[in-house]
Amino acid sequence: MSIIATSSDDIKFHEWSEGDLKLYYRPTNSHEGPVKTISWGRDGNWLVIVPNSGPAEVISIKGNVKVLQTLHNIHHPTCAAFHNNTKKNIVIGTLSGQVLVYDIKAQNIKKRFPRASAPILDVRYNSKDSHVAASCENGDILLYNYLTTNLSSLYKVPKSDSVSAINFHRSQRNLFAAGSEEGMVACWDINTNQILCDVSAHHARVTDLTLSPIRNDLIITSGMDRRVAFYDLAAKKCVIELEVSNSTTALDYSACGTYLGLGSQNGNVIVYDSRNFRQPFSAFVAHADKRIHHLFFQKAIFSGAVSEHGSFDIAPEEPVPPPTKKIGDSLSFITCDDSNDQDISQKAPQDVGDSFLVALGLNSTSHLSDREISTAMETTDDFRKRPDTTKRISFLANQPSENIVAMKTPANSAKQISSTPKYLTEHLPISESPIISSNVCQGTCGNSIGDIKQMIKDTIKEENQILADRFAKEVAIQVANFKKEFTWEVADAVGHIRRHLLDLQMSIVKQFVDIETKIDTINNTPIREYVCDEYLIRKNDELLQEIESLRAQLREKNYRKF
């Protein structure tokens, strides 16, 4: 069961694709007005909500909606977002321009970033939580380093004096995009601070944008001109355009990147399968006649995490193919038409048993003679001696032999016909495998069925070893990238510490110079060099004479009175 969270004046949680209302929540201290921001926690159980007025709230949707914490010590919040890798920390923007990191467990402010010169409109973490982006009311976009809490960069959307939407790529930590009130959309590489793309995407305000989770060269934008546009970052042009009856005000991709959800101005939610935009996959009314300000799919969790986090059971979403190098492949994937698959799949038998045994003709209704088994073994031995004849075993056993033979031709190899999810596959130069060959069991042999099963096990073992090697290679690459990123972060932190130490040393030197100057001033003050005992005696005598003189004057005055 997957959840879509939408916000208007209140927040609703719908099951999809059915669209049934699961939960409903209205912020406690909110007056009439739309909810400013919502953000899912890491496990898909918690949300942080910034209402139209009043303090931010952390709620849980486990069973029923309940308020876990109200952040009274942060005044005038305008936006908030959960940390991607933990639900312990929240970044919050305020009306006074502050960007703070709040520790939910300790219930205090953990970090403070440099204050902005204008109120904060939105805040976002990048995929690895190494940077925080904050959009401001004056059009500035501030990029903070989360580790050092320093301002890393300041961006402005080209040809714009405003910013209306910001977002990071879900897996690429360096890709950041923003849209403006003037309809401009821009994308940056935050590692190099270079702008990758800036286009006039809409004729009105950009309401929301997101980057494709399965590609790093595709950005999807929505605007008040009733258009949803797909832009190729490399070509800097629109490659797909959807016209909608009501302006799309919020959009988001599902965790697997297969489904795109659109929230409209009239309160409807439309979900598209990204492989076919010819008709919606699902549609339902979320907020009747009210604008949807935010729409977010629940973050992906699986049944193994339910007992630990107490969250909903969410079935694993269907896998998507890895992206290729060409944007054309991406578009063919997006606009894939599945209409022909239904006719082909209807020809497949309903119950075929073990796919490998059926491919070999060893189901419950057929048995091989020793002569046929021998031929299969000989063919298999020849196949195993070929270097790199195949890269993987396709699950084609669910099809009749005539369909399997047809799929080996390049003209019919565009789609996979099986019970697994359908997507476009690459044209690999794969030789005819004895496992799916129609000529496997036509020879004579004296080997047993057990030998054939052993051969199948060996083949699977080899395939598993290939996959393990690929996985080890990918892990090595990821570790190398992590080491490189960590080295950069450490070097950055060391540089900041060194600058702080130099500033401290300079301050100490300035204080020392000031003290030396004051001491020299005191030393240069003229003093009496003739201070000695004779001088003191002479001064004492003079004082005694003055005292006697004063006494005499006093006696004379008293005498005159009488």
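L142 is found in strand 14, which spans residues 141-145. The model is a predicted one. At 7% relative accessibility, L142 counts as buried. Leaving aside neighbours within four places in sequence, L142 is in contact with A116, V132, A133, A134, C136, L151, S153 and L154. K156 lies 14 residues from L142 along the chain, and the two C-alpha atoms are separated by 9.1 Å.

The protein chain as a whole contains eight helices and 28 strands. Of its 562 residues, 45% count as buried. The chain exposes about 30800 Å², and carbon and sulfur atoms supply 52% of that area. Among contacts with a separation of 6 or more, 50% come from residues 24 or more positions apart.

Strand 18 was examined together with its two partners. Six of the six residues in this strand (residues 184-189) are buried, so strand 18 is largely enclosed by the rest of the structure. In a regular strand, side chains alternate between the two faces of the sheet. In strand 18, M184, A186 and W188 point one way. V185, C187 and D189 point the other way, and all of these residues are buried.

Strand 17 (residues 175-179) pairs with strand 18 in the antiparallel sense, over five bridges. Within this pairing, W188 of strand 18 is the bridge partner of F176. The hairpin of strand 17 and strand 18 has four residues between the strands, and G183 takes a positive phi near 90 degrees there. Strand 19 (residues 194-200) also runs antiparallel to strand 18, and six bridges join the two. V185 stands opposite V199 in strand 19. The hairpin of strand 18 and strand 19 likewise has four residues between the strands, with N193 at a positive phi near 60 degrees.

Positive phi values also occur in other loops. Phi of H76 is near 55 degrees, a positive value in a residue other than glycine. H76 sits in the loop between strand 7 (66-71) and strand 8 (77-82). With 58% relative accessibility, H76 counts as exposed. Q107, another residue other than glycine, has a positive phi near 60 degrees. The loop that holds Q107 lies between strand 10 (99-103) and strand 11 (108-113).

The structure holds zero disulfides. For C197, the closest cysteine sulfur is that of C187, at 7.1 Å, which is too far for a bond. C197 counts as buried, at 3% relative accessibility. C256 counts as buried too, at 15% relative accessibility.

Helix 7 covers residues 449-523 and has 75 residues. From first C-alpha to last, helix 7 reaches 109 Å, close to the 111 Å expected at 1.5 Å a residue. Buried positions in helix 7 are I452, M455, I456, T459, E463, E485, E489, A493 and H496.

The mean pLDDT of the protein chain is 77, and 71% of its residues reach 70 or more. Over residues 302-373 the pLDDT is below 50, and this stretch has 139 contacts in the model beyond near neighbours in sequence. Over residues 376-446 the pLDDT is also below 50, with 122 contacts in the model beyond near neighbours in sequence. Where pLDDT is low, the predicted coordinates should not be read in detail.

Note on methods. Residues are numbered from 1 along each chain as its sequence is written. This is a predicted model: local features need pLDDT of at least 70, side-chain atom pairs count only at pLDDT 80 or more; totals for chains, interfaces and linings use all residues. Side-chain values use heavy atoms; hydrogens and water are left out. The expected span of a helix is 1.5 Å times one less than its number of residues. Buried means under 20% relative accessible area, exposed over 50%, partly exposed in between (1.4 Å probe, protein chains only). A disulfide is a pair of cysteine sulfur atoms within 2.5 Å. pLDDT is the predictor's confidence in each residue, from 0 to 100. Contact means heavy atoms within 4.5 Å. Accessible areas come from the Shrake-Rupley method with a 1.4 Å probe; for residues, only the protein chains shown count as cover. Two strands pair if DSSP finds at least two bridges between them.
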